[in-house]
Amino acid sequence: MFHLNVPKLTVMLLGGLCCLLSQSCGSNGRSETLYDVSGTVTYAGKPVPYGSVLFVADADEGNTGPQGVAAIEDGKFDTAKAGRGVVGGAYTVIIKGRSTQSSQEEDEGGGDPPLFADFQTTAVFPEENSVQKFEVPENRTQSDE
């Protein structure tokens with residue numbers, strides 16, 4: 001069986017880049033106000049050294065806003081520093097964690113394995129800047145995929 005090995009992170013980052021390049025992505029041509037999200041991400045009670053937090057608007061809950069993203073460094077993330085904010089409302093949040101800062105080669109299957117399988121949760125963001133705390137469950141392993 002043929003299996004295309006395209007890393008999920010690469011696909012998501014390319015999707016986010018497409019949204020950044022398009023002023024009307026998810027907004028029906030309207031300009032939307034984006035609010036910054038900052039906070040912390042821990043795993044097994046410790047800060048996640050590196051990774052990313054992806055915010056995907058939950059269309060099932062009526063949110064058609066654009067995708068947001070932030071880089072994790074030393075357990076902290078901030079869309080204002082490295083990423084893109086959210087419009088508020090319901091979002092699916094996807095967290096990726098690594099013990100070392102990854103390069104493009106590592107994202108494509110080489111290098112150290114991720115700290116845990118992609119963790120997905122939900123959050124409802126206010127229509128203002130906000131601070132969030134995400135805790136990835138300790139029993140989250142690569143076999144949970």
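Two strands are said to pair if DSSP finds at least two bridges between them. Strands themselves are DSSP runs of E with at least two residues, helices are runs of H or I with at least four residues, and both are numbered from the N terminus. With those terms in hand, Y50 stands opposite R98 in β7. Please note that this is a predicted model, in which local features need pLDDT of at least 70 and side-chain atom pairs count only at pLDDT 80 or more, while totals for chains, interfaces and linings use all residues. Residues are numbered from 1 along each chain as its sequence is written, and side-chain values use heavy atoms, with hydrogens and water left out.

Let me stay with strand β3. Eight bridges join β3 to β7, and these two strands run antiparallel. β3 is also joined to β4 by six bridges, again in the antiparallel sense.

I turn now to strand β1, residues 37–43. How many of its seven residues are buried? Here buried means under 20% relative accessible area, exposed means over 50%, and partly exposed lies in between, with a 1.4 Å probe and protein chains only. Five of the seven are buried, so β1 is largely enclosed by the rest of the structure.

Which strands pair with β1? With strand β9, residues 130–136, β1 pairs in the parallel sense over seven bridges, and V37 stands opposite S130 there. With strand β5, residues 76–78, the arrangement is antiparallel and has three bridges; G39 has F77 as its bridge partner in β5. With strand β2, residues 46–47, β1 pairs in the antiparallel sense over two bridges, and Y43 stands opposite K46. β1 and β2 form a hairpin with two residues between them, and A44 in the turn has a positive phi of about 55°.

The next topic is the aromatic residues. Rings of Phe, Tyr and Trp (for Trp, its six-membered ring) pair if their centres lie within 6.5 Å; planes under 30 degrees apart count as stacked, over 60 as edge-to-face and the rest as tilted. A search of the whole structure finds five aromatic pairs. In one of these, the ring centres of F55 and F125 are 5.5 Å apart and the planes stand at 85°, so the pair is edge-to-face. F55 lies in strand β3 and F125 in strand β8, so this pair ties together parts that are 70 residues apart in sequence. F55 counts as buried at 0% relative accessibility, and F125 counts as buried at 3%. Ring pairs link F55, F77, Y91, F125 and F134 into a cluster.

Y91 is placed in strand β7, residues 89–98, and counts as buried because its relative accessibility is 0%. Contact means heavy atoms within 4.5 Å. Leaving aside residues up to four places away in sequence, Y91 touches a set of residues that includes F55, D58, P66, V86 and F125. A polar contact is a pair of N or O atoms within 3.5 Å; within protein, one must be able to donate a hydrogen and the other to accept it, and residues adjacent in sequence count only if both atoms are side-chain atoms. A polar atom of the Y91 side chain lies 3.4 Å from the backbone oxygen of P66.

D58 is in the loop between β3 (50–57) and β4 (68–73). Is D58 buried or exposed? At 17% relative accessibility, D58 counts as buried. A polar atom of its side chain lies 3.0 Å from the backbone nitrogen of D60.

Finally, I come to charged partners. A salt bridge is a side-chain nitrogen of Lys or Arg within 4 Å of a carboxyl oxygen of Asp or Glu. By this rule the count comes to one. K96 forms a salt bridge with D118, and the closest N and O atoms are 2.6 Å apart. The pair links distant parts of the chain, with K96 in strand β7 and D118 in the loop between α2 (104–107) and β8 (119–125), 22 residues apart. K96 counts as buried, at 11% relative accessibility.
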